Amino acid sequence: MTTNATATKQSSGPVLDWTAGHGPVTGALSATTGAFALATTGAATAMPPGWALAAGAAGALGHTVAGLRVRNAGSTLATRAASWLVGAGWTTWAMTHGPLTWTALGSLATLGIGIGAAARSTALFEEAREEEALAAEQRQITAELSAERRAIAAEWVERIQRICGITVRVLGVEQWPTGAGYSLDLEPAGGITYDRIAQDSARLSADARLPHGCTAVASPGIHQGRVIVDVTTVNVLMEERTYPTDYAPLSLLSGIPWGYRTNAENVLAHLREQCALVVGPTGSGKTNMVHTILAGFARAEDVLTWVIDLNAGSAGLPWVLPAHNGQLTREDGTPVRPGVDWLAGTYDEAVLMLEAAVRVAKQRKMAYQDLLAQANTDLLPVSAKIPQIMLVIDEGAEILASSDRAMRKLAEKILEVIRIARAMGVRTVLTALGATGAVLGNLMIRREAKVRVALTGGETEGMDLSKMFPGTRGLRVDQGPYKGAGFMATPESPAALFKAWRILPNQIRDIITATSDRHPPPRHRVRHGSRPRLRPALGRGAHRMDARPHHHQHRPAPRHWGAAGRGRAEPVRPPRAAGAAVGGRGAGAPLPRADRRPVRHRPRPRRSPRGAAGPARAEPVGAAG
């Protein structure tokens, strides 16, 4: 009650700003009241009338000097000087004849109204004069830009006519805010489409004498009869830029930045429904690109990151080991959580992870039907409580193209995840060493991986850009000869040059520390030899899934489901006994007690050669259910 009463008391009445300057009304009121007070005091104390006149003259002179310094108009200077002199003249007269007469008060009121009207008039004049000066300056800038734009437009109309044999009309020229180039809005004559200009992109770039790494790329306009030509004049791909140090939270729904275009603007990957494919030969910066992708996922509040790297988990180790080994601590002294939520470095662990992803997708289809109905959608609304699982599989495209039996089994599970888990928020990012027919031969990959990256690094072997970006013309490997540079296409933007940021191990540690609170804590860790393996951190179990084994083979113990970290519900295997192999049981290892099934024997008749029943023999049979 006291707080409310105080707030009500403070908010009552007008709010006065004593630091604000005088306006026409307050200025006139201040001048008249000051003159009346001075005349009354002077008449009562027999002050010499000349002093008031001298003070008025000094005030007029001071305001004139100040107005000249700020370059006020002559009418403004005259009005202010006249106000001082008239006020001083009335004060001198009132001190002589008495200020308390009706004549003196009436003349003072008339004087105040005149001063206020004159002040208002001069204020409006000064405001109009300032706006006119700004408009004149803007017209001058516009005229200079218009002249430059007209020159650019005329140059490109002539160039396109000479090289492409197409007559175009330039509707607009827009300079990029980054200063790296400009865009032309063209309207070709005769029903010509943008691809006719796009196929001569290299010739147009050469004729314009653009620097290496700069291109003139044609893309569709606002309708089929318009063309946008983006002309890069500054090669921003030549310089190496580090990953931005702003680790603010991201969302998968608003896009994850993967690098920057030739116009120096960030290029975003929208992966709510799309998978991604990243190809690049050795030395092209593919590993650095994977770290850039993992950095974006670590910053996202609605993503769980699972990594599969059969090369001993090397792609995810920099995101796990600093936190696992206690090398990092937060400001409050609490342990830092890894930047990757699950890392699989062996075949068995990868199979386990993919099986868990399939189970997550199927369980979500059953568990979130009410949420889907409430949101009136068939796509699971991902959030911090129901995060999307992003599976980053290093050299996963080679797994899909492998002829090895074990790898084919792993490939089937990867394809199953891609096929069934889109709506339930499980997507994949695959990497490969090259854009070849073996990598891109799978229809599922070509159909689902709409976000594609080709890191060329100037390498021509195994880089078939026409297969990587079908329907796009004018792409050449030599356009991006720098490490980390290449081409990137998304459903929102066509294939074009881009470059990934450079990210170093110390910055990875900084990102892990800054994003620690966006990851759930690991539920338990399992060691195999000296190498740690992190299992997904998924909280306490709420209920158990039906994980009964089949009749003919052993299955792992039932997994627990529960709310994890920020309310996440995912599958988790229970802790194993010390010395258990990570990602699967070793050869000859005894089954845990929970996996052992009772065995009963029943006689089965043995048929004689003529079909007669022979003596019975005992055979182990799995328990029902």
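Which residues are linked in a network of salt bridges?

Reply: The network of salt bridges links Glu 155, Glu 158, Arg 159, Arg 162 and Asp 207. A salt bridge here is a side-chain nitrogen of Lys or Arg within 4 Å of a carboxyl oxygen of Asp or Glu. This is a predicted model, in which local features need pLDDT of at least 70 and side-chain atom pairs count only at pLDDT 80 or more, while totals for chains, interfaces and linings use all residues. Residues are numbered from 1 along each chain as its sequence is written, and side-chain values use heavy atoms, with hydrogens and water left out.

Arg 162 bridges to Asp 207, and their closest N and O atoms lie 2.9 Å apart. Helices (H or I, at least four residues) and strands (E, at least two) are DSSP runs, numbered from the N terminus. Arg 162 has a relative accessible area of 45% and is partly exposed. On this scale, buried means under 20% relative accessible area, exposed over 50%, and partly exposed in between (1.4 Å probe, protein chains only).

Salt bridges also occur elsewhere, and the structure holds 13 of them. One of them joins the side chains of Asp 200 and Arg 203, at 3.6 Å from N to O. Asp 200 is buried, at 11% relative accessible area, whereas Arg 203 is partly exposed, at 48%. Another joins Arg 447 to Glu 448, again with the closest N and O atoms 3.6 Å apart. Here Arg 447 is partly exposed at 44% relative accessibility, and Glu 448 is buried at 17%.

Back to helix H5, which also contains Leu 105. Leu 105 is partly exposed, with a relative accessible area of 34%. Leaving out residues up to four places away in sequence, Leu 105 touches Phe 36 and Pro 99; contact means heavy atoms within 4.5 Å. Between Leu 105 and Ala 94 there are 9.3 Å in space, C-alpha to C-alpha, and the two are eleven residues apart in sequence.

Next come two helices that pack together. Two packed helices are described by the angle between their axes and the distance between the axes. Helix H3 (residues 49-69) packs on helix H4 (residues 74-97) at an angle of about 170°, and the axes are 8 Å apart. H3 is therefore roughly antiparallel to H4. The axes are lines fitted to C-alpha atoms, for helices over the stretch in contact, and angles run from 0 to 180 degrees between N-to-C directions. Angles under 35 degrees count as roughly parallel, over 145 as roughly antiparallel, 65 to 115 as roughly perpendicular and the rest as oblique. Among the residues that meet are Ala 52, Leu 53 and His 63 from H3, and Arg 80, Trp 84 and Met 95 from H4. The residues of this contact divide into 13 nonpolar, nine polar and one charged.

An open sheet of four strands has the order S1-S2-S4-S3, with antiparallel pairing; two strands pair if DSSP finds at least two bridges between them. S1 and strand S3 (216-220) stand at the edges with a single partner strand each, so one side of each has no neighbour in the sheet. On average, neighbouring strands of this sheet are turned by 25° against each other, direction ignored. Strand S1 (residues 168-175) pairs with strand S2 (residues 181-188) over seven bridges, in the antiparallel sense, and Val 168 stands opposite Pro 188 in S2. Five residues lie between the strands in this hairpin, where Gly 179 takes a positive phi near 75°. S2 also pairs with strand S4 (residues 227-232) over six bridges, antiparallel, and Tyr 182 has Val 231 in S4 as its bridge partner.

Seven of its seven residues are buried, so S11 is largely enclosed by the rest of the structure. Val 426, Thr 428, Leu 430 and Ala 432 point one way from S11, while Arg 427, Val 429 and Thr 431 point the other way. S11 pairs in the parallel sense with strand S7 (residues 276-279) over four bridges, and with strand S10 (residues 388-393) over five bridges, also parallel. The bridge partners in S11 include Val 429 for Ala 276 and Val 426 for Ile 389.

Technical notes: Ala, Val, Leu, Ile, Met, Phe, Trp, Tyr, Cys and Pro count as nonpolar, Asp, Glu, Lys and Arg as charged, and the others, Gly among them, as polar.
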